[in-house]
Amino acid sequence: MHMVIEPKILYFGSAVVLITTRNETGTANVAPMSSAWWLGQSCMLGMSSQSQTVQNLMREKECVLNLPSVDMVPAIERLTLLTGRNPVPEKKAARGYQFEADKLGVADLSSLPSEVVQAPRVKECPVQMEARLVKLHPMEEPSSLVAMEVYIEKVHIQPGLLMDGHPNYIDPAKWKPLIMNFCQYFGLGEQLSDSRLAPVFGPPKRAEQSETR
């Protein structure tokens, strides 16, 4: 029998994203976040408008969504409770956030130039997506939360994640995303079973396979 509860946060799990934006000074800002979901070539991001990331996104209209692997938790933890906003917003200061101008350096991460946006990519992340802001949607009042719709312009992938023989498909057996589940880090387990969606949305069969059938 189910129970009715009032959880402090509705955070049933999504991929961790290191989102990079460009500050007013032209320097890079990087922030971990995990309220993200994807549809087609678009992604919806949920963050507080008090963050430097959102301020940069509203001004620059672009960002890079870098997806870390499970071995990058130490770097992400070094970014936790840091903000690029100075002075630190009162609500964030009350939660222990501190200002840091060089967040990439503190996290021991390095940057790569992007191709279609000004914000840099995070070199250590195996997946990097350059994106442009489409629309900002205010969320629940009186919260500062906003949902930002971004369109993915270009995708960069480490070659080792690609499916053999299919240069535009990522092999789910090789890609190990980092998942935030109720504010705790998790990885993926082993594949449970095949899906009937795989033939619909997956890569086409190789020519040699088709010829043998």
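Buried means under 20% relative accessible area, exposed over 50%, and partly exposed in between, with a 1.4 Å probe and protein chains only. This is a predicted model, in which local features need pLDDT of at least 70 and side-chain atom pairs count only at pLDDT 80 or more, while totals for chains, interfaces and linings use all residues. Residues are numbered from 1 along each chain as its sequence is written, and side-chain values use heavy atoms, with hydrogens and water left out.

Select residues 62–67, which form strand 6. Strands are DSSP runs (E, at least two residues), numbered from the N terminus. Six of the six residues in strand 6 are buried. In a regular strand the side chains alternate between the two faces of the sheet. On one side of strand 6 are Glu-62, Val-64 and Asn-66, and on the other Cys-63, Leu-65 and Leu-67, all buried.

Two strands pair if DSSP finds at least two bridges between them. Strand 2 (residues 17–22) runs antiparallel to strand 6, joined by three bridges; here Ile-19 has Leu-65 as its bridge partner. Strand 11 (residues 127–138) is also antiparallel to strand 6, with six bridges, and Met-129 stands opposite Leu-65.

Move to Ser-34, in the loop between strand 3 (28–33) and strand 4 (36–39). Ser-34 counts as buried because its relative accessibility is 4%. Leaving out residues up to four places away in sequence, Ser-34 touches Tyr-11, Ser-14, Ala-15, Val-16 and Met-180 (contact: heavy atoms within 4.5 Å).

Finish at Leu-10, in the segment before strand 1 (14–15). Leu-10 counts as exposed because its relative accessibility is 66%.

Terms used: Helices (H or I, at least four residues) and strands (E, at least two) are DSSP runs, numbered from the N terminus.
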